[in-house]
Structure formats: C-alpha cells, structure tokens
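Subject: Structure handover and notes on its helix packing

Dear colleague,

Here is the structure I promised to pass on to you.

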Amino acid sequence: MITPTSLFTHWYFHLPNFVLAALMYTLLGRALLGLIVGPDSSNYIWRFFCRVTDPVVAAVAVATPKAVAPVVLWLFGVVWLFWLRVLLLHGFLLLGAIPRIG
C-alpha cells in the first residue's frame with residue numbers, strides 16, 4: 001500500500017522519474033511552440049525550452065536520420081523519454097524497490 005511518506009521513502013525512484021517527466025513535457029512543449037515560433041526567435045520562453053531540451057535533442061539526433069525535420073526529432077525525443085520512464089518503473093518494480101498497489 002502506498003502511504004503519504006512513500007514520496008520521501010522512495011526518493012531514489014521519484015527524483016529521476018520527475019526529471020524525465022519534466023524533460024518529456026518540456027520537449028513536447030517545445031514541439032508545440034515550434035509550430036508557432038520561428039527557430040531563431042528571441043522569445044525568452046522559446047530560448048528556455050531550447051536550452052533545457054537541447055541535450056536530449058542531441059542524444060536523440062545521434063540515432064535519428066539527418067533528413068528528419070526538427071519537430072519530428074523533438075517528438076521522437078518525447079517517445080524515447082516516455083519509454084525511459086517505463087523502463088525505470090519496470091526496473092524498480094523488478095527490484096522490489098517501490099511499493100506495489102494492492
């Protein structure tokens with residue numbers, strides 16, 4: 001059973017999961033904002049999204065063909081981060097390191 005203190009008890013799972021989720025949703029926001037804002041915009045929100053997600057985009061670009069449009073590359077990044085979160089959960093469940101429901 002999950003208790004209110006499980007957030008602090010299982011910080012070693014929740015912290016990486018939160019970071020991956022934040023990157024995933026920021027990358028999704030970059031993809032949506034990229035449809036409205038130009039790639040060389042000086043908008044501070046756009047610059048923040050680019051600065052935060054550029055390391056993820058660079059990692060995804062290594063395994064993605066160069067002919068892919070940037071917005072597709074960003075969406076591939078969202079999918080990769082989603083599956084990373086699923087693998088993280090699965091790994092911790094196999095190790096018995098997080099509480100199970102039921």
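Predicted model: local features only at pLDDT ≥ 70, side-chain atom pairs only at ≥ 80, totals over all residues.

Residues are numbered from 1 along each chain as its sequence is written, and side-chain values use heavy atoms, with hydrogens and water left out.

Leaving aside neighbours within four places in sequence, Leu 27 is in contact (heavy atoms within 4.5 Å) with Thr 53, Val 56, Val 57, Trp 74, Gly 77, Val 78 and Leu 81.

Trp 74, found in helix 4, is buried, with a relative accessible area of 10%; buried means under 20% relative accessible area, exposed over 50%, and partly exposed in between (1.4 Å probe, protein chains only). Not counting residues up to four places away in sequence, Trp 74 touches Leu 27, Arg 30, Ala 31, Gly 34, Trp 46 and Val 57.

Next come the helix pairs. The axes of helix 2 and helix 4 come within 9 Å and cross at roughly 165 degrees, where axes are lines fitted to C-alpha atoms, for helices over the stretch in contact, and angles run from 0 to 180 degrees between N-to-C directions. These two helices are therefore roughly antiparallel to each other (angles under 35 degrees count as roughly parallel, over 145 as roughly antiparallel, 65 to 115 as roughly perpendicular and the rest as oblique). The residues of the contact of helix 2 with helix 4 divide into 21 nonpolar, three polar and two charged; here Ala, Val, Leu, Ile, Met, Phe, Trp, Tyr, Cys and Pro count as nonpolar, Asp, Glu, Lys and Arg as charged, and the others, Gly among them, as polar.

Helix 2 and helix 3 pack with their axes 9 Å apart, at an angle of about 125 degrees, which makes helix 2 oblique to helix 3. Their contact comprises 10 nonpolar, four polar and two charged residues. Thr 26, placed in helix 2, counts as buried at 15% relative accessibility, and touches Phe 49, Val 52 and Thr 53 when residues up to four places away in sequence are not counted.

For helix 3 and helix 4, the axes come within 10 Å and cross at roughly 75 degrees, so that helix 3 is roughly perpendicular to helix 4. Trp 46, Val 56, Val 57, Val 60 and Ala 61 in helix 3 meet Leu 73, Trp 74, Phe 76, Gly 77, Trp 80 and Leu 81 in helix 4, and by class this contact has 10 nonpolar, one polar and no charged residues.

Finally, Leu 89 is also worth a look: this residue of helix 4 counts as partly exposed, at 36% relative accessibility, and touches Phe 13 and Ile 98, not counting residues up to four places away in sequence.

Methods: Helix = DSSP H or I, 4+ residues; strand = E, 2+ residues; numbered from the N terminus.
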